[in-house]
Amino acid sequence: MHMAKFTLGCEPVVGSLTPSKKRDYKVTNRLQEGKRPLYAVVFNFIDARYFNVFATVGGNRVTVYQCLEGGVIAVLQSYIDDDVSCYSHSLFILQEITAYLTSIYFVDQKDESFYTVSWACNKDGMPLVVAGGINGIIRIIDAGTEKIHKSFVGHGDSINEIRTQPLRPSLIVSASKDESVRLWNVETGICVLIFAGAGGHRNEVLSVDFHPSDMYRIASCGMDNTVKIWSMKEFWTYVEKSFTWTDLPSKFPTKYVQFPVFIASVHSNYVDCNRWLGDFVLSKSVDNEIVLWEPKMKDQSPGEGSVDILQKYPVPECDIWFIKFSCDFHYTAAAIGNREGKIYVWELQSSPPVLTARLSHAQSKSPIRQTAVSFDGSTILSCCEDGTIWRWDDVASS
């Protein structure tokens with residue numbers, strides 16, 4: 001299988017780091033969640049009733065919050081995935097904020113450290129919080145009943161990212177250190193497909209994303225410096241079957257997808273975040289920029305093709321891995337933090353790219369692992385290595 005080659009004669013358009021002050025944001029809240037690093041923060045875009053609800057993960061804790069008027073962040077629920085020996089300690093932490101919290105205790109072999117969280121929903125439309133991390137177990141929490149809905153065991157190592165299919169939000173995909181990507185049905189608990197094998201990733205998979213309109217397509221990237229595009233088209237009967245399966249999940253005929261339809265070497269280092277922008281791909285490595293590119297596939301020969309690099313969005317001091325960018329609901333803006341606690345907000349759909357805001361605060365010095373942009377882009381959240389959550393609000397709309 002050949003790597004995608006770059007097309008000559010197409011110079012990418014590089015954005016200027018001088019903000020064109022399209023949007024003014026100010027800090028409206030700073031919350032110290034705990035001492036452990038926070039690795040992920042994500043708004044619930046699955047359900048219009050909960051667009052202002054978000055979840056964070058860090059250490060063995062999953063917390064659900066709500067963004068209210070005037071910069072207020074209300075704690076709705078908190079879940080502790082705990083070792084028995086830490087039971088009393090975690091109980092003590094929770095008692096401090098007991099007015100807001102409901103807690104759940106799990107028993108596990110080693111201390112969990114969650115790296116990723118996503119929103120999904122069951123067939124009745126109830127919101128589910130899906131989290132994974134160092135233990136390789138995916139926890140599905142029913143936010144309605146505040147109970148564990150399911151736990152998925154299958155990955156052989158830690159889970160770096162979980163994403164939800166926006167058109168079928170009971171399907172999730174997980175990217176793991178075990179070099180595989182897995183497709184799961186949260187409704188039935190079935191692992192439907194495993195993307196790994198002969199043409200799979202050769203190192204940790206760090207990020208994965210569903211195509212926004214093509215149900216069959218996903219993109220994944222990782223420590224082998226590549227972005228791989230996979231198709232589920234010929235396995236779709238198994239996806240459908242996973243919804244009606246009545247036997248034990250372990251008896252489901254899980255299929256291996258061994259070959260991607262496209263492999264791109266756009267970066268020369270770890271690729272730790274990729275997102276679809278229509279049929280284009282946004283990906284970032286540790287080289288201080290997000291790259292927008294177009295995969296040009298050859299239908300006759302899967303895996304082959306070329307790449308058109310269209311635009312580059314510079315992000316200074318973003319040279320450590322596991323820093324993920326986020327977009328608003330309509331993918332008009334992307335926000336990304338860096339290792340110095342600053343946030344860059346780029347307008348995605350303009351050429352050349354426009355930097356709409358550069359956010360910095362004297363007290364924000366810790367690496368920002370992930371941002372979350374609200375539905376309309378008026379609020380930006382960041383979660384940091386020092387256990388803090390920052391809320392920035394658009395001055396015009398606040």
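Between which two strands is the loop in which Asn 225 is found? Asn 225 is found in the loop between strand E18 (217–222) and strand E19 (227–231). The model under discussion is predicted. Its protein chain comprises two helices and 32 strands, and 57% of its 398 residues count as buried.

- Among the contacts in the protein chain with a separation of 6 or more, 57% are accounted for by residues 24 or more positions apart.
- The protein chain has an accessible surface of about 16,100 Å², and carbon and sulfur atoms make up 52% of that surface.
- In the model, the stretch 198–233 is 47% strand and 0% helix, with its end C-alpha atoms 19 Å apart.

**Nonpolar cores**

- The largest nonpolar core contains 21 residues, and those with the most contacts inside it are Leu 183, Leu 193, Phe 195, Ile 218 and Met 232.
- At least two residues of this core come from each of strand E14 (171–176), strand E15 (181–185), strand E16 (190–195), strand E17 (205–210) and helix H2 (236–244).
- The element that gives the most to this core is E16, with four residues.
- Beyond its neighbours within four places in sequence, Phe 195 is in contact with Glu 179, Ser 180, Val 181, Leu 183, Ile 218, Trp 230, Met 232 and Val 257.
- Another core, of 17 residues, lies apart from the largest one; Leu 282, Leu 292, Cys 327 and Trp 346 are among its members.

**Helix H2**

- Trp 236, Val 239 and Ser 242 are the buried residues of H2.
- These residues lie on the same side of H2, because they cover an arc of only 110° around the axis.
- Exposed residues Thr 237 and Thr 244 are carried on the face of H2 turned away from its buried side.

**Cysteines**

- The structure holds zero disulfides.
- Cys 221 has as its closest cysteine sulfur that of Cys 273, at 6.8 Å, which is too far for a bond.
- Cys 221 counts as buried, at 0% relative accessibility.
- Cys 67 also counts as buried, at 10% relative accessibility.

**Backbone exceptions**

- Most residues other than glycine have a negative phi, and most peptide bonds are trans.
- Asn 225, a residue other than glycine, has a positive phi near 70°.
- With a relative accessibility of 22%, Asn 225 counts as partly exposed.
- Phe 322 is not a glycine, although its phi is positive, at about 70°.
- The position of Phe 322 is in the loop between strand E25 (305–314) and strand E26 (326–327), where Phe 322 counts as buried at 6% relative accessibility.
- Ser 351 and Pro 352 are joined by a cis peptide bond, with omega about 0°.
- The loop that holds Pro 352 runs between strand E28 (343–347) and strand E29 (354–359).

- Lys 324 is found in the loop between E25 and E26, and at 2% relative accessibility it counts as buried.
- Not counting residues up to four places away in sequence, Lys 324 touches Asn 160, Glu 161, Leu 206, Ser 207, Asp 272, Cys 273, Arg 369, Gln 370 and Thr 371.
- Lys 324 and Ser 285 are 39 residues apart along the chain, and their C-alpha atoms are separated by 9.7 Å.
- Gly 387 lies in the loop between strand E31 (379–384) and strand E32 (388–394), and is buried with a relative accessible area of 0%.
- Although 352 residues separate Gly 387 and Lys 35 in sequence, they are 5.2 Å apart in space, C-alpha to C-alpha.
- Gly 387 touches Leu 31, Gln 32, Glu 33, Gly 34, Arg 36, Pro 37 and Leu 38, leaving out residues up to four places away in sequence.

Methods: Residues are numbered from 1 along each chain as its sequence is written. This is a predicted model: local features need pLDDT of at least 70, side-chain atom pairs count only at pLDDT 80 or more; totals for chains, interfaces and linings use all residues. Side-chain values use heavy atoms; hydrogens and water are left out. A nonpolar core is a set of buried Ala, Val, Leu, Ile, Met, Phe, Trp, Tyr and Cys residues joined through side-chain atoms within 4.5 Å. Buried means under 20% relative accessible area, exposed over 50%, partly exposed in between (1.4 Å probe, protein chains only). Contact means heavy atoms within 4.5 Å. Accessible areas come from the Shrake-Rupley method with a 1.4 Å probe; for residues, only the protein chains shown count as cover. A disulfide is a pair of cysteine sulfur atoms within 2.5 Å. The arc is that of the directions from the helix axis to the C-beta atoms.
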